[in-house]
Each structure stands twice: as C-alpha cells, then as structure tokens.
Amino acid sequence: MAGILAQYLPDAALQLAYLIAGILFIQGLRDMTHPRTATRGNQISAAGMFLAVLVTALWFDIVSPLILGAGLLVGGGIGVWLAVTVETTEMPQLVGLFNGFGGGASALVAGAELIDVLASGGSLSIDLTATAAIAGIIGSVTFWGSLVAAGKLHGIVGDSPVSTNVGHAIKVLFLGAAVVAGLVLVIQPEMLGNSPMASWIPSYWVLVAAASILGIFLVVPIGGADMPVVIALLNSYSGLAAATTGFVLGNTALIIAGTLVGASGLILTVIMCESMNRSLTNVLFGGLGGDDDDGEDMEDIYEGQIQETSPEEVVMLLETADRVVVVPGYGMAVAQAQHAVAELVDLLDEHGVDVEFGIHPVAGRMPGHMNALLAEADVPYDKMRELEEVNPTFSQTDVAIVCGANDVVNPRANEDDGSPISGMPVLNVAEANTVIVNKRSLSPGFSGIPNPLFARDNTSMLFGDAKESMQDLVNDYKEATD
Amino acid sequence: MATELSAFVTNLTLFVLAAFVGYEIITKIPTNLHTPLMSGANAISGITLLGSVVVAGSGSNGLATALGFLAVVMATINVVGGYLVSHFMLDQFRGGGN
C-alpha cells in the first residue's frame with residue numbers, strides 16, 4: 001500500500017521529511033522567545049506542519065482522497081471561521097476548545113487504528129494496545145476536560161469551585177474503570193472472539209467512555225480563576241496524547257511535536273502553580289474558596305476604613321505624578337477595559353510620566369491573558385513588566401492604579417497566617433505613595449478572603465465598571481491638561 | 001519481538017531528547033508571549049492530524065474510515081485555528097512594539 005511518493009523514494013525520505021518538520025517546530029519555538037521574531041516563529045512552525053501533513057498524505061496510499069480532502073476542508077473551514085470571528089475576550093475558551101479537539105482526535109485515531117489492524121487481519125500486539133489505551137485515556141480526558149473548561153470560561157458551566165468526597169470517589173471510580181478496560185484491551189484484545197461486536201474492539205470504547213466521564217468530573221469542581229492552570233495542563237495532555245499516538249503508529253514527527261507541546265504545557269502549569277504558591281494537587285482537587293464565612297471578618301477590616309475617590313481626584317494625583325504603575329486583573333478583561341486603560345497610559349506617557357504595567361502571572365483566565373489583551377490595545381510590550389521586575393519599583397511609584405484585580409495585590413499573602421493565599425507572590429502596590437483601586441464593589445476575589453489593602457490609609461477606592469472608570473479618567477485628564 | 005522492542009527504544013530516545021529541548025527553549029519564552037505560545041503549541045499538538053491521515057487513508061474498513069474522517073476534521077480545526085489565533089495575537093504584539 002504505497003502512495004505516489006513512496007513509489008519513487010526510499011523509506012528514509014519520509015523519515016527525513018519528518019526530521020525537517022521537527023526542526024521547523026523547534027526553530028519556530030525558539031523564535032517565540034522574543035516578540036520581534038515570534039510571528040515568524042509561528043509561521044515556521046505552521047510550515048513544518050504543512051510539510052508533515054503534505055508528505056504523509058502523499059506517502060501513504062489514500063484509498064479515499066475524497067474523504068481525507070473533505071475532512072481537511074471541513075476542519076480547516078471551521079478553524080478559520082472560529083479564529084476570525086472570535087472576540088479577544090473569548091480567546092481563553094477558544095484556546096481551550098481547540099485543545100480539546102486535538103485530544104479528541106488522538107483518541108479517535110487510536111481507536112480507528114485498532115479497528116483497522118484487526119479488520120485487515122493483523123494481530124493486536126501488546127505495544128499497540130498499550131499505547132492505544134494511554135492515547136485513549138489522555139485524549140478523552142483532554143477532550144471532555146477542555147470542553148468543560150471552555151464552558152466555564154464562556155459562562156455556560158458554573159464556575160464556582162466545589163470539593164466533595166463524592167466527587168473524589170466518582171473520579172477514582174471512573175479512573176479505575178478506564179484502567180481496567182485498558183488492561184482488558186491489552187491482555188485480551190480479542191476477548192469476544194468472532195462475534196460481530198468483536199471487530200469494534202468494545203473494551204477500547206468502554207475505556208473511552210470511562211475516561212470521558214473522568215475528564216468531566218475532573219474539571220467541573222475546579223473554580224474559574226484556576227482555569228489558567230487547567231488549560232495549561234490540558235494543553236500538556238494533548239501534547240502527550242499526540243506523542244503516545246506517535247508510539248502507536250511509529251511516527252517520529254508525532255513523537256517530537258507531541259513531546260514539545262507536552263513540555264510547554266507542563267512548564268506553563270508549573271509557572272502558574274508557583275505564582276499562586278499552591279501545589280498542582282491543591283489546584284486540581286483542593287476546591288479553594290467558595291466558603292463565605294469570612295463575612296464578619298470583612299466588616300471588621302473595612303468598617304470606617306474605606307476612602308472613596310472620584311475620577312477628578314485621581315486625575316489631580318496623576319497630574320503631579322512622576323511614576324505610575326497600572327495593575328490589571330480579570331476585572332479589566334470582563335469589562336473589556338483594555339482600550340481605555342491603554343489610552344490612559346498613552347496619555348500619561350505623552351505627558352512625560354514614567355508609566356508601566358505590573359502584571360501578575362495568574363491575572364486573568366489563561367497564561368499571559370493580560371499581556372494578550374493589552375497587546376490587542378496596542379500597548380508596547382516593553383511597558384508590560386513582570387512581578388519580579390515591578391515589585392522593587394513600587395516604593396518609587398507615586399500612583400499605583402489597580403484595575404479589576406484583587407487577590408494578586410492582597411498584602412495578606414505576605415503574612416504567614418494560614419489564609420488561602422498565604423505565601424503567594426503578590427504585587428506590593430501598597431508601597432506606592434497612593435493606591436487607587438478600581439473595582440465595582442468590595443466583594444472578595446476568588447480566594448474568598450477580604451483584602452486589607454482596601455482599608456489602608458494610602459488607598460482610595462474608585463468604585464465603578466472598569467471601562468467606564470478608565471474612560472472617565474481619560475476624559476478628565478485630557479480636560480485638565482489641555 | 002526484538003526489532004519491535006528496539007523500535008520502541010528508538011522512539012523513547014526521541015521522546016526524551018525532545019523533552020529536554022522543549023524544556024530548554026520554553027523556559028526562555030517571556031510571560032508576555034505565553035498566550036500565543038499556548039495557542040501555537042496547541043496547534044502543534046494537532047499533529048495528530050498525521051495519525052488521522054494515515055488511518056483515514058490506509059484501511060478498507062468503513063468504521064475505521066468514519067472515525068478517521070472525524071479525527072481529520074477535529075485535528076484540522078485544532079491546527080488551522082490554533083496557528084491563526086496565534087498569528088493574530090502575535091501581529092498585535094508586533095504592532096505595539098513601535
């Protein structure tokens with residue numbers, strides 16, 4: 001069974017093409033290390049993919065080029081449509097959704113390969129069934145987990161965290177079921193002998209069903225603010241699923257590319273967890289927040305301590321400021337305030353103010369979420385500072401504007417008092433001369449604990465929707481400086 | 001069996017080396033670019049498309065072909081969508097760096 005290319009070229013040519021594709025993927029990632037070369041890197045990586053797919057399609061005998069072509073056309077069309085029509089604020093769920101499709105494809109490929117091998121009279125060897133089982137479990141968990149995560153980010157699925165023993169028991173039960181089905185698949189692949197059902201490899205589909213339920217129950221209890229970790233972890237899974245599929249099919253391009261993605265997702269996961277000072281286990285199974293028994297505590301802290309301010313007063317502060325740091329949070333994304341914030345920063349910059357963004361690694365709903373939003377609003381990337389860079393500068397900062405962020409600026413994280421965020425690295429905005437906190441209300445952030453920052457003497461609250469408040473600041477500042 | 005095992009070890013070698021290369025490169029990518037990185041890496045994971053192409057093409061079995069077709073559609077969405085989304089995002093980063 002050989003395609004056009006295979007008739008004329010030695011076997012090694014296919015491997016060589018895969019090697020080139022692998023090099024392109026790696027070079028593409030290397031170019032991603034700098035914003036200037038990143039676009040080119042993405043294109044190089046896409047070229048590698050194009051090469052790998054083209055060569056594979058031409059190499060293997062495609063019995064039904066019609067079906068393959070139709071699949072590519074349908075998938076490509078949907079992909080382009082989704083990418084072009086998506087709003088920037090919906091980016092996290094779209095990335096999650098795409099990720100799920102990758103995992104789902106891995107699970108389907110492994111199943112199809114099993115059926116195909118059996119139908120063409122081959123025997124199901126242990127390495128084939130074992131890797132198919134792994135690809136099936138990871139792929140199904142990734143698919144359903146990603147769908148739930150995307151649903152949470154899109155607001156279709158409730159995003160509050162829940163941690164129950166029943167939930168844990170269900171997870172263990174279905175993980176067990178998937179593993180048992182996998183063992184059956186490996187040990188007794190042809191359990192049903194010659195019955196008509198046998199050609200379907202039922203044990204594989206039992207495994208897929210159990211892993212699917214597991215994927216759903218794994219992500220449903222995890223809160224919305226922990227989605228950056230979940231999305232990054234699922235990204236890693238889909239890479240590992242691809243690598244495992246590579247082991248099933250003996251395909252080197254799949255192994256290299258899948259492993260790169262697996263590493264990327266895992267590194268992002270670790271970065272996210274470290275930025276919250278929480279273990280991965282705690283994120284996945286802990287069910288942080290959700291309990292509101294801190295209510296009284298909150299009144300004690302805030303009572304009589306909250307100073308409210310107005311856009312006019314803030315502008316007066318900004319007029320005399322030499323250095324301003326803006327700390328964006330998920331609230332900025334929700335209100336789609338990034339353009340207004342960017343305009344304010346531009347204005348300040350024009351008037352000679354040293355102005356920067358201080359961005360916490362877990363602000364938002366996916367890794368680098370704030371950076372992506374601000375880039376969309378044309379903020380130069382050299383104005384976006386990471387936590388370690390910006391923290392030492394707060395003591396020389398006149399005004400810190402916190403826009404829709406809460407837990408990531410909570411000074412309680414620096415105290416070892418056993419609060420849910422204790423030990424988490426935070427932006428020490430309180431060291432600035434004046435702190436302006438723009439929020440809709442005093443309600444707690446995801447961690448569910450009050451924020452003593454709001455009650456500090458040098459903090460003023462600018463209550464209101466982030467977009468409207470920032471727009472007011474822009475207008476007032478323009479008027480004042482004209 | 002011996003050749004199967006050595007093929008597995010060869011694959012394992014690739015896996016381990018790729019993991020090291022991935023670790024070295026990806027830890028150097030700045031936080032700024034983590035969203036496009038994720039979306040781009042995501043597109044790469046759609047490499048399962050290769051597997052789908054092989055499976056959708058190789059067999060005469062109707063069910064395998066149908067599953068293969070579905071896998072091709074899903075993997076293509078992942079690849080095309082992932083690269084495009086990354087591209088749009090990265091374009092904005094470049095536009096902002098004037």
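I first looked up the contact between the chains, and I found that 96 residues of chain A are in contact with 81 residues of chain B, where contact requires C-beta atoms, placed from the backbone, within 7 Å. The largest share of the side of chain A that touches chain B comes from α5(A), with 17 residues, and that side divides into 57 nonpolar, 30 polar and nine charged residues. Here Ala, Val, Leu, Ile, Met, Phe, Trp, Tyr, Cys and Pro count as nonpolar, Asp, Glu, Lys and Arg as charged, and the others, Gly among them, as polar.

I noted that this is a predicted model, in which local features need pLDDT of at least 70 and side-chain atom pairs count only at pLDDT 80 or more, while totals for chains, interfaces and linings use all residues. Residues are numbered from 1 along each chain as its sequence is written, and chains are lettered from A in the order in which they are written.

Next I turned to strand β1 of chain A, residues 323-328, and saw that five of its six residues are buried, meaning that 20 or more other C-beta atoms lie within 10 Å of their own, again placed from the backbone. Strands are DSSP runs of E with at least two residues, and helices are runs of H or I with at least four, numbered from the N terminus.

I then checked the partners of β1(A), counting two strands as paired if DSSP finds at least two bridges between them. With β2(A), residues 354-359, β1(A) pairs in the parallel sense over four bridges, and A:V326 stands opposite A:F357 there. With β4(A), residues 399-403, the pairing is parallel over five bridges, and A:P328 stands opposite A:C403.

Methods:
Contact = placed C-beta atoms within 7 Å. Buried ≥ 20, exposed ≤ 12 C-beta atoms within 10 Å, placed from the backbone.
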